[in-house]
Amino acid sequence: MDYVRLGNSGLEISAITLGMMSYGDASRGGHQWSLPEEEARPFIKKALEQGITTFDTANVYSMGSSEEITGRALGDFAKRDEVVIATKLNGRMRPGPNGAGLSRLAVMTEVDNSLRRLGTDYIDLYQIHRFDLLTPVEETMEALHDVVKSGKVRYIGASSMWAWQFAKMQYTADLGGWTRFVSMQDQYSLIQREEEREMLPFCLDQGVGVLPWSPLARGKLTRDWDEKTTRSESDAFGKTLYKQQEDGDRRITEAVKTVAEARGVSRAQIALAWVRQQEAVSSPIVGATKPHHLDDAVASVDITLTPEELDTLESPYVSRTPEGF
């Protein structure tokens with residue numbers, strides 16, 4: 001496993017991040033494809049054994065049970081200062097007023113709830129899950145600064161939004177003398193490359209690390225285009241994605257297959273290697289519900305694609321509208 005700096009911060013993370021949305025209690029809002037705790041723990045242990053030190057969850061994943069599973073497993077299998085725990089806030093955690101968003105009240109409430117569920121004294125990377133249109137950015141950035149200064153959070157990050165919104169938040173932090181975001185977690189894969197227009201250049205310019213979600217496009221890059229899985233059939237959010245350029249996307253999946261077969265490796269390894277080879281990317285976030293998912297992710301770190309392979313993979317892309325936020 002390789003280890004990289006997250007942007008221009010001093011935080012070192014593994015070149016692959018394990019996404020913890022795959023683990024959760026279905027009775028508490030988990031997905032049909034998410035694994036319960038007893039099935040999840042072997043994946044977390046194996047990830048650690050393979051050198052993965054960075055784990056990304058969120059308060060809304062299975063309504064908190066993903067954080068609980070993450071915290072208990074890492075407490076049993078690792079030393080706290082040897083892992084990087086990332087979680088998020090913004091999504092609705094309870095009905096009624098103040099149950100979601102990025103208000104000062106929400107930030108102060110949700111950071112304590114996440115700490116309790118994770119069973120830790122601090123969160124390494126605390127991320128806003130999306131932009132909050134209803135809360136002034138000054139309020140959010142000052143509140144995030146305060147949880148950093150309190151010692152509850154080490155670094156802060158953001159997730160999918162328009163580049164102008166991210167820039168507004170960063171420069172608001174500068175004006176207030178508050179903590180800046182060190183990372184952007186956005187959707188980026190061979191099938192969705194619109195972040196290359198503004199967000200990724202901005203992150204490069206500002207020294208912000210990028211943690212792509214769905215680098216395998218919800219698994220579409222790992223199988224034939226029409227092949228179905230339990231997740232593809234039951235993932236409500238996933239069903240809203242990848243419908244704009246289906247003919248072009250089909251050609252992309254075929255290109256991945258061509259390169260993978262020529263190298264004698266899995267399609268997942270090729271698709272992840274492409275993401276990792278992009279200059280702005282720090283560490284793609286990979287879900288794992290089958291043992292080979294982790295093996296493929298770790299193996300991708302050792303693959304460097306040639307210019308000819310990059311051209312084969314990239315040439316079928318057709319522009320589309322950004323989606324996922």
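**A parallel sheet, its crossovers and its cores**

S4, helix H2 (residues 65–77) and S5 form a β-α-β unit of right-handed sense. A crossover is called right-handed if, with the strands pointing away from the viewer, the path from the first strand over the helix to the second runs clockwise. Helices (H or I, at least four residues) and strands (E, at least two) are DSSP runs, numbered from the N terminus. The model is predicted: local features need pLDDT of at least 70, side-chain atom pairs count only at pLDDT 80 or more, and totals for chains, interfaces and linings use all residues. Residues are numbered from 1 along each chain as its sequence is written, and side-chain values use heavy atoms, with hydrogens and water left out.

The unit belongs to an open sheet. Eight strands pair in parallel in the order S9-S8-S7-S6-S5-S4-S3-S10. Pairing requires at least two bridges found by DSSP between two strands. S9 and strand S10 (285–286) stand at the edges. Each has a single partner strand, so one side of each lacks a neighbour in the sheet.

Strand S3 (residues 17–19) runs parallel to strand S4 (residues 54–56), and three bridges join them. Here Gly 19 lies opposite Asp 56 of S4. H3 packs on the sheet and touches S5, strand S6 (123–128) and S7. Contact means heavy atoms within 4.5 Å. The direction of H3 makes about 135° with that of S6. Axes are lines fitted to C-alpha atoms, for helices over the stretch in contact, and angles run from 0 to 180 degrees between N-to-C directions.

S4 and S5 are also parallel, with three bridges between them. Asp 56 stands opposite Ala 86 in S5. S5 and S6 run parallel over four bridges. In that pair, Ala 86 faces Leu 125 of S6. The chain passes from S5 through H3 to S6 in a right-handed β-α-β crossover.

S5 is largely enclosed by the rest of the structure, because six of its six residues are buried. Buried means under 20% relative accessible area, exposed over 50%, and partly exposed in between (1.4 Å probe, protein chains only). Val 84, Ala 86 and Lys 88 point one way from S5. Ile 85, Thr 87 and Leu 89 point the other way. All of these residues are buried.

Further along the sheet, strand S8 (residues 181–185) is mostly covered, with five of its five residues buried. Strand S7 (residues 153–159) pairs with S8 in the parallel sense over four bridges. Ala 158 is set opposite Met 184 in S8. S7, helix H5 (residues 163–176) and S8 build a right-handed β-α-β unit. On to strand S9 (residues 209–210), S8 pairs in parallel over two bridges. Val 210 in S9 is the bridge partner of Met 184. The chain crosses from S8 to S9 through helix H6 (residues 199–206), and this β-α-β crossover is right-handed.

The largest nonpolar core holds 86 residues. Such a core is a set of buried Ala, Val, Leu, Ile, Met, Phe, Trp, Tyr and Cys residues joined through side-chain atoms within 4.5 Å. Tyr 23, Phe 55 and Phe 166 touch the most other members. Helix H9 (residues 267–276) gives the largest share, seven residues. Not counting residues up to four places away in sequence, Phe 166 touches residues including Ala 158, Met 161, Phe 181, Met 184 and Met 199. A second, separate core has nine residues, among them Leu 11, Ile 13, Val 84 and Leu 125.

Salt bridges number 17, each a side-chain nitrogen of Lys or Arg within 4 Å of a carboxyl oxygen of Asp or Glu. Arg 94 and Glu 110 meet through their side chains in one of these (2.9 Å, N to O). The two residues are 16 apart: Arg 94 lies in the loop between strand S5 (84–89) and helix H3 (104–118), and Glu 110 in helix H3. Arg 94 is partly exposed at 30% relative accessible area, whereas Glu 110 is buried at 4%.

Arg 197 bridges to Glu 194, with the closest N and O atoms 2.6 Å apart. Arg 197 is exposed at 55% relative accessible area, but Glu 194 is buried at 6%. Asp 224 and Arg 267 also form a salt bridge (3.1 Å, N to O). Asp 224 lies in the loop between S9 and helix H7 (230–234) and Arg 267 in helix H9, so the pair ties together parts that are 43 residues apart in sequence. Asp 224 is partly exposed at 39% relative accessibility, and Arg 267 is buried at 18%.
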